[in-house]
Amino acid sequence: MTLPFNPYQEIASIAARYAGDEGEVRTAIESLGISRRHSPSAPCHGSYRPCIALVIQGSKSLRLGTDVINYGAGDYLLTSLDLPVIWRVVEASVEVPHFCLTLAINSEKVLELLSRADMPRPAMPGRGRGIAVNVATPELLDATVRLLRLLDSPKDIAAMAPLIEQEILYRVLTGPDGGRLISIAVADSHGNRIARAIAWLRQNFARPLRIEDLAEQVNMSVSSFHHHFKSITAMTPVQYQKQLRLHEARRLMLVERLDAGTAGHRVGYQSPSQFSREYSRVYGLSPVRDVEAAREPVDGA
């Protein structure tokens, strides 16, 4: 397929009108977000939820466990389940800002589409990381442009957006890494079981973790659970839980202004010294110094 127009130029033009000055904003299309950055950023800790993220300008890098993934203009990042990552904008400027579109993925919509479309199931379900990068095809870009154009016609969003979102999802599912997303959505696959384990961890990260109990809960042997969990997330269940705990503790200190001891205890640490050690290992500073450094630009504004 050859497009009779420059999709990146049109998407960037529309994105510039609806994006905020800096960071991500949600749009009138419920599942669609637009991110704009005018300069490279420091590493940021956070969680990526299931989504399709298409880079229009600039470039970005993220770390999942020990894996480093780089992607730029024309690439889309497919995240098939909730994953704690460290990300940073690598290439951006005032003249050519980093623009990225994110479209949230709903597993029920994936299953609905699979029930109506004849798509091959992955031969090795549950294998491979839960994040993958691919080059956007002309068909995917064409659908994306049409979705963005709806922002200029708000009255058409309710009727047309779900149809175009479904088309975008179809293009991704039939793309090189669609099998990763299918394996997460299909019941009783290894990917789906790991996704259920991750959902439990996200809801119960402050509780003590017994791998045997969690493996049994998702109907897997301990060895198989460990293998597939690390294959998909690039970390062990204990490492995953630790990331969730530390991210939440940092949020509690920055947003709710809890002290380090209270925040650490709130997320499940019984030992303040252990909390401080593990926090420093991940963020490079002690909890107190990290929070002070993070608040400096805000307090000095």
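Student: Which element gives the most to the lining of the largest cavity?

Tutor: Rolling a probe the size of a water molecule over the atoms shows where empty space is left. In this predicted model, helix H3 gives the most to the lining of the largest cavity, with four residues. Strand S4 (51-57), strand S9 (98-104) and helix H3 (138-149) each supply at least two lining residues.

Student: Which residues line the largest cavity, and how do they divide into nonpolar, polar and charged?

Tutor: The lining consists of Leu 32, Ile 52, Leu 54, Leu 101, Thr 102, Leu 103, Leu 140, Thr 144, Leu 147, Leu 148 and Ile 168. Nine of these residues are nonpolar, two are polar and none is charged.

Student: What is the volume of the largest cavity, and how many cavities of 30 Å³ or more are there?

Tutor: The volume of the largest cavity is about 100 Å³. The count of cavities of 30 Å³ or more comes to two.

Student: Let us turn to helix H2. Which of its residues are buried?

Tutor: A residue is called buried when its relative accessible area is under 20%. In helix H2 (residues 107-116), Val 110, Leu 113 and Leu 114 are buried. Seen down the axis of H2, these buried residues fall within an arc of 100°, so they line one face of the helix.

Student: Which exposed residues does the face turned away from the buried side of H2 carry, and what covers the buried residues?

Tutor: The face turned away from the buried side carries the exposed residues Glu 108, Ser 115 and Arg 116. The cover over the buried residues of H2 includes helix H4 (157-173) and helix H5.

Student: Which residues of H6 are buried, and what covers them?

Tutor: Gly 191, Asn 192, Arg 193, Ile 194, Ala 195, Ala 197, Ile 198, Trp 200 and Leu 201 are buried in H6. Their cover includes helix H5 (178-185), helix H7 (211-217), helix H8 (222-233) and helix H9 (237-254).

Student: Where does Glu 248 lie, and which residues does it touch, not counting those up to four places away in sequence?

Tutor: Glu 248 lies in helix H9. With residues up to four places away in sequence left out, Glu 248 touches Phe 205 and Val 267. Glu 248 and Phe 205 are 43 residues apart in sequence, and their C-alpha atoms are 9.5 Å apart in space.

Terms used: Residues are numbered from 1 along each chain as its sequence is written. This is a predicted model: local features need pLDDT of at least 70, side-chain atom pairs count only at pLDDT 80 or more; totals for chains, interfaces and linings use all residues. Side-chain values use heavy atoms; hydrogens and water are left out. Buried means under 20% relative accessible area, exposed over 50%, partly exposed in between (1.4 Å probe, protein chains only). Contact means heavy atoms within 4.5 Å. On a 1 Å grid over the protein atoms alone, a cavity is a set of points where a 1.4 Å probe fits but cannot get out, and a pocket is an open set with protein on both sides within 12 Å along at least five of seven lines; lining residues have an atom within 4 Å of a point. Grid points are joined across faces, edges and corners, and a volume is the space filled by probe spheres set on the points. Ala, Val, Leu, Ile, Met, Phe, Trp, Tyr, Cys and Pro count as nonpolar, Asp, Glu, Lys and Arg as charged, and the others, Gly among them, as polar. The arc is that of the directions from the helix axis to the C-beta atoms.
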